[in-house]
Amino acid sequence: MSSVQEPVDVVVIGSGMGGAGFCYQLSARLPDLRIVCLERGDWLTPKQMPTTQPDFMRQAISGWSSSPAARQMAAAPAPSADYPIDDADSAVKPLMWNGVGGSTIQWAAHFPRLHPSDFKTQSLDGVGDDWPFSYFDLEPYYDRNDDIIGVCGLAGDPAYPPKKGFRMPPLPIGRMGETAVRGFTKLGWHWWPVDAAINTVARNGRSACNHCGPCQQGCTIQAKATADQTYLPHALKKGVELRTNAIVQKIVTEGSRATGVRYRDGNGDDCFQPAKVIVVAGNGIGTPRLLLASGIGGEMVGRCLMFHPVGYIRAICHDKQDGPAGPIGNCLYSHEFYETDLSRGFVRGLQLQVTRENPLLTQSTYAAPRWGRTAQMQLRDEFHHSFRVLVMTEDLPEAHNRVTLTDELADDGLPGVKLSYQVSENTQRMLTFGMERAQELLEAAGVKGFVRTDLAPGTGWHLLGTARMGVDVKSSVTNENGRLHTTPNVIVADGSLFPTVGAVNPGSTIGALALKLADELAEEWA
Amino acid sequence: MMQIEFLHAVVDTLLPGLPATETKPALPAASEVGVAAKLAAHLETHRDKRLFVAVLEAIVGEAGGEARFVAMDEGARTAVLQTIEQSQSDAFAALLFVVSADYHESEAVMRAFGWRPTPPQPLGYPLPPFDEGKLEELVASLEGKRPLWRAA
C-alpha cells in the first residue's frame with residue numbers, strides 16, 4: 001500500500017552526526033520550516049546496551065561488534081538496522097551502526113580536527129584535490145560543534161591553530177599514557193592528550209565519564225556524546241519530525257529536480273514524502289548506495305572511497321598498566337609525522353594514537369596459539385600489562401576504490417552494495433614508516449615486548465569520499481554547498497563529501513560540515 | 001550423548017589451569033568453573049549445536065573414542081585438537097568461542113586475572129585525573145617545535 005505524505009520543506013535521510021547536525025542547525029535557524037528526518041533504524045535505550053550485563057564481553061565480539069557483518073552472523077544481533085555489504089574485495093572492512101544517532105552510538109568519540117593543510121593537499125603537495133573552502137572557513141563551525149557536542153581536551157596543542165571555545169578537562173591518560181609519554185619525551189616527539197567528545201564533568205544533563213571502557217557498546221551513562229543525545233533532542237524541540245524504521249528506497253526526480261523520496265515505513269508500507277530539498281546523510285556507503293539506486297549524482301558517485309588504513313602495535317609492559325579501563329580510543333596522540341616530509345618516502349602523513357586495552361575475552365583472542373597452556377600463560381602475562389599504539393594513515397582519493405551496486409536486491413528493498421578497495425602504494429609506505437616509528441616509540445618507552453599488526457582490516461570506521469565535493473563537475477559529485485551537480489536540490493551532508501581525509505578521525509569534521517551546509521541553506525531561505 | 005568426563009577433557013585442553021608463580025596468580029582450569037557443564041547445555045540448545053557436535057565427534061574419531069581421549073596426556077590431547085582445528089577450522093572456532101566466553105565470563109576467572117567480576121557499568125573504573133602538573137613538562141618538551149601545522 002502506498003501513501004503520499006504531506007509535503008515538507010526538507011527531508012533529511014539519516015540521523016547520525018551529519019543528518020542530526022543538519023537538522024539541529026537548520027531548525028535552529030529557521031524554526032518554522034517543516035523538516036522530516038527519516039532514519040532506517042530505531043532509538044536505542046541504555047537498557048539495550050550490554051555494558052551492564054554479565055555477557056558484555058561476549059557481546060562485544062558477536063552481536064554488538066562494530067562490524068555489521070559480524071552482527072548479522074551473531075546469535076543475538078544488536079538492534080542495528082543493518083544491510084549486507086559485500087566486502088570480499090576490500091582490504092579494509094566497514095564498521096558502522098544503523099539507528100538513531102548513526103555510528104556515534106558505537107564510535108570511540110575521539111574528536112580531532114583536520115589540519116589546515118588537509119584542505120589544500122593539491123595546492124601544497126600536488127596530490128588529491130583541494131577542498132572548495134579552507135580550514136578557517138570551517139573553523140567557526142568546528143567551534144560551534146565543539147560547544148554543542150561537549151569536548152574535553154587541553155588547549156595549546158602546537159599541532160593546530162589555537163582552538164577557541166570551552167573544553168572540559170582532559171581525560172586521564174593513566175599508567176599506559178605515562179608509559180607512552182616516557183617514549184615520546186625521550187625521542188622529543190610531539191604528544192598531546194586527545195580531544196574527545198566525552199564529558200569529564202557533568203554537563204548539559206549528561207554524566208561525567210566513569211572510565212568503564214567499551215565505548216563501542218554504547219554509553220549507558222551518556223558521558224560519551226552521541227548524535228541522539230546532543231543534536232537530536234534540540235532539533236526535535238524545534239519541531240523536526242523523526243520517523244524511525246523508515247528505509248528510503250529512492251530519491252524521486254523530475255528532470256534535474258528531486259521531488260521527494262520513496263520509503264518503506266516500519267509497517268512495511270510504501271510511502272512517498274514530497275520535499276523541496278532532500279538531504280542525504282547515510283554515511284560513505286549508505287549515501288552512494290541510495291544515490292546510485294536513484295540514478296542521480298553522476299559518474300563519480302561511489303568512487304574515491306577512503307578509510308584511513310590502520311596498523312597497530314600492542315605493547316607488552318613490565319609494569320602493570322590500566323587493563324580495560326578508560327575510554328578505549330582516547331588517551332593521547334602524536335602528530336609528529338602528520339605533515340608532508342618527502343624524505344620519509346611518501347607524501348602526506350599519519351597520526352600515532354595511543355589507545356587502551358580491550359576486555360579480557362577480547363584479549364584472549366590475541367593469543368598465539370589461540371588456546372592451550374601457552375595461550376593461558378600468554379594472557380596471564382599480558383592482561384593488565386598492555387596497551388596499543390595505532391598508526392592511522394591518510395588515504396588519498398583513487399577512483400578505483402569504490403562503492404557499487406550488485407545485481408541482487410537486499411532485504412531492505414535496495415540493491416545490494418559492494419566495496420572494492422586496495423591500500424595504495426603511498427599509503428602502504430606510510431603504514432610501514434608509521435609502524436617503524438611506533439616500534440621506535442615503544443622501545444624508547446622501555447616496554448618488554450610488542451606484537452605488530454601491520455594492517456588491521458577490521459578498522460573501517462571512517463567511510464569517506466564517495467560523494468566528494470569540488471568545483472570540477474567531472475571529478476566531483478557535489479558543489480561546495482554539498483548540492484549534487486546533477487540534482488541541485490539534493491544535498492549530501494556526511495563524510496561522503498570529503499575530497500581528502502587527512503589522517504584523523506572524521507567525526508568532528510562531519511559535524512562541522514553539516515552545520516555549515518545547513519547554515520548555507522538557511523541563508524538562502526532566510 | 002557425550003560423557004561429561006570427555007567434555008571436561010576437551011575444555012581443559014583448550015583452557016588448562018595454571019599454578020601460581022612468585023609473581024602470577026593461579027588460573028583455574030575450564031572444568032573447574034563449570035565450562036564443561038555449560039558446553040553440555042550448549043549441545044542441547046545453542047544455535048550452533050550441530051557444529052559443536054560435529055567437532056566433538058571428530059575429536060572422538062581422531063582419538064579412537066571418548067575414553068581414550070580422556071586417558072591421554074595433555075600433549076596427546078593437544079595434538080588431537082590441533083588436527084581437528086585444521087580440518088574443521090570454522091566449526092572449531094565456533095566451539096572455541098563459546099568455551100572461551102563461558103570461561104572468561106566466570107567470576108572466578110575474572111578474579112584470578114585480578115579484575116572485578118562485574119560488568120563495567122554502572123560502577124566504571126577509577127583512573128587518576130590528568131595531572132595538570134604535567135602540562136608545564138609537556139609544553140617545555142615541545143619548545144622549538146611550534147607550530148606543527150602548515151598554514152594553508
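A: Helices (H or I, at least four residues) and strands (E, at least two) are DSSP runs, numbered from the N terminus. By that rule, Asn489(A) lies in the loop between E16 and strand E17 (490–492) of chain A. This is a predicted model, in which local features need pLDDT of at least 70 and side-chain atom pairs count only at pLDDT 80 or more, while totals for chains, interfaces and linings use all residues. Residues are numbered from 1 along each chain as its sequence is written, chains are lettered from A and ligands numbered from 1 in the order in which they are written, and side-chain values use heavy atoms, with hydrogens and water left out.

Q: Why is Asn489(A) called buried?
A: Buried means under 20% relative accessible area, exposed over 50%, and partly exposed in between (1.4 Å probe, protein chains only). Asn489(A) has 1% relative accessibility, so it counts as buried.

Q: What is Asn489(A) in contact with, leaving aside its neighbours within four places in sequence?
A: Contact means heavy atoms within 4.5 Å. With those neighbours set aside, the contacts of Asn489(A) are Ser256(A), Arg257(A), Ala258(A), Lys276(A), Val277(A), Ile278(A) and Arg483(A). Between Asn489(A) and Thr259(A) the C-alpha to C-alpha distance is 8.9 Å, although 230 residues separate them in sequence.

Q: How many disulfides are there over all chains?
A: A disulfide is a pair of cysteine sulfur atoms within 2.5 Å. The count over all chains is 0. Cys209(A) is in no disulfide, and its nearest cysteine sulfur, that of Cys215(A), is 6.4 Å away.

Q: What makes E5 and E16 of chain A edge strands?
A: Two strands pair if DSSP finds at least two bridges between them. The open sheet holds 6 strands in the order E5-E11-E12-E13-E10-E16 (chain A), with antiparallel pairing. Strand E5 (192–193) and strand E16 (449–453) of chain A each pair on one side only. Helix H11 (residues 425–445) of chain A packs on this sheet and touches E10, strand E12 (350–355), E13 and E16 of chain A. The direction of H11 makes about 150 degrees with that of E13(A); axes are lines fitted to C-alpha atoms, for helices over the stretch in contact, and angles run from 0 to 180 degrees between N-to-C directions.

Q: How many bridges join E10 to E13 in chain A?
A: There are 7 bridges between strand E10 (residues 310–316) and strand E13 (residues 386–393) of chain A, and the two run antiparallel. Tyr312(A) has Leu390(A) as its bridge partner in E13(A).

Q: Why is one side of E4 and of E14 in chain A left without a neighbour in the sheet?
A: This open sheet has 3 strands in the order E4-E15-E14 (chain A), and its pairing is mixed. Strand E4 (85–90) and strand E14 (402–409) of chain A are at the edges with a single partner strand each, so one side of each has no neighbour in the sheet. Direction ignored, neighbouring strands of this sheet are turned by 25 degrees against each other on average. E4(A) pairs with strand E15 (residues 415–421) of chain A in the parallel sense, over 4 bridges. Ile85(A) stands opposite Val417(A) in E15(A).

Q: How do you know that the radius of gyration of chain A agrees with that of a compact globule?
A: The radius of gyration is taken over C-alpha atoms, and the globule rule is 2.2 Å times the number of residues to the power 0.38. For 526 residues a compact globule would have a value near 24 Å; chain A has 22 Å, which agrees. Chain A comes to 12 helices and 17 strands, and buried residues make up 67% of its 526 residues.

Q: What radius of gyration does chain B have, against that of a compact globule?
A: A compact globule of 152 residues would have a value near 15 Å, but chain B has 24 Å. Of the 152 residues of chain B, 47% count as buried. Its secondary structure comes to 8 helices and 0 strands.

Q: Why is H6(B) described as largely enclosed by the rest of the structure?
A: Of the 16 residues of H6(B), 12 are buried, so the helix is largely enclosed. Among them are Phe92(B), Leu95(B), Val99(B) and Tyr103(B).
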